[in-house]
Amino acid sequence: MSNIVQYIIVRSDLRSALSWPMGAVIAQCCHATAAVIHLNSDDSDTVAYLKDLDNMHKVVLEAKDEAALVKLSEKLKENEIKHKLWIEQPENIPTCIALKPYVKDTVHKYVKQFKLLKE
């Protein structure tokens, strides 16, 4: 497989400030990744990414809060980077972003300021 990667950026304050259990946070990431893969199922990078299921590369990063997540989504939109901002319902809370699979060099500059998600 080439250097195709899928980035997921999740709010770190869901666990700390909002007291969400880890399972609920993981579910948010799963929702966003499933949605963005579905929305971009015909995309050539997505097709290539899914051809080698045993070698998929995902990177899960953390945004400090809702404002940081929404700001990233706006920056991605401005630069036509396909992604899904997951908004949990019925609470209407933006929880995470999943980018469609991209060649790393195409999108790394948009997410490099975020750290890997910690416990």
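Reader: Is Asn40 buried or exposed, and which residues is Asn40 in contact with?

Author: Asn40 is buried, with a relative accessible area of 10%. Buried means under 20% relative accessible area, exposed means over 50%, and partly exposed lies in between (1.4 Å probe, protein chains only). Keep in mind that this is a predicted model: local features need pLDDT of at least 70, side-chain atom pairs count only at pLDDT 80 or more, and totals for chains, interfaces and linings use all residues. Residues are numbered from 1 along each chain as its sequence is written, and side-chain values use heavy atoms, with hydrogens and water left out.

Asn40 is found in the loop between α2 (22-39) and α3 (44-51). Helices (H or I, at least four residues) and strands (E, at least two) are DSSP runs, numbered from the N terminus. Leaving aside neighbours within four places in sequence, Asn40 is in contact with Thr46, Lys82 and Lys100. Contact means heavy atoms within 4.5 Å.

Follow Lys100 next. Lys100 is buried too, at a relative accessible area of 3%. Lys100 forms a salt bridge with Asp45, and the closest N and O atoms are 3.7 Å apart. Lys100 lies in the loop between β4 and β5, and Asp45 in helix α3, so the pair ties together parts that are 55 residues apart in sequence. A salt bridge is a side-chain nitrogen of Lys or Arg within 4 Å of a carboxyl oxygen of Asp or Glu. Side chains of opposite charge can pair when their charged atoms come close.

A search of the whole structure finds four salt bridges. Another of them joins Asp13 and Arg11, at 2.9 Å from N to O. Asp13 and Arg11 are both buried. Glu66 forms a salt bridge with Arg11 as well, with the closest N and O atoms 3.7 Å apart. Here Glu66 lies in helix α4 and Arg11 in strand β1, so this pair ties together parts that are 55 residues apart in sequence. Glu66 is partly exposed, at 38%, while Arg11 is buried, at 5%.

Now to strand β4. Seven of the seven residues of β4 are buried, so the strand is largely enclosed by the rest of the structure. β4 pairs with β1 in the antiparallel sense over three bridges. Two strands pair if DSSP finds at least two bridges between them. Ile9 stands opposite Ile97 in β4. β3 and β4 also pair in the antiparallel sense, over six bridges. Trp86 has Cys96 in β4 as bridge partner. The hairpin of β3 and β4 has four residues between the strands, and Asn92 takes a positive phi near 60 degrees there. Pro90 lies in the loop between these strands. A cis peptide bond joins Gln89 and Pro90, with omega about 5 degrees.

Val107, Tyr110 and Val111 are buried in α5 (residues 104-111). They cover an arc of only 85 degrees around the axis, which puts them on the same side of α5. The arc is that of the directions from the helix axis to the C-beta atoms. The buried residues of α5 pack against several elements, including β1, α4 and β4.
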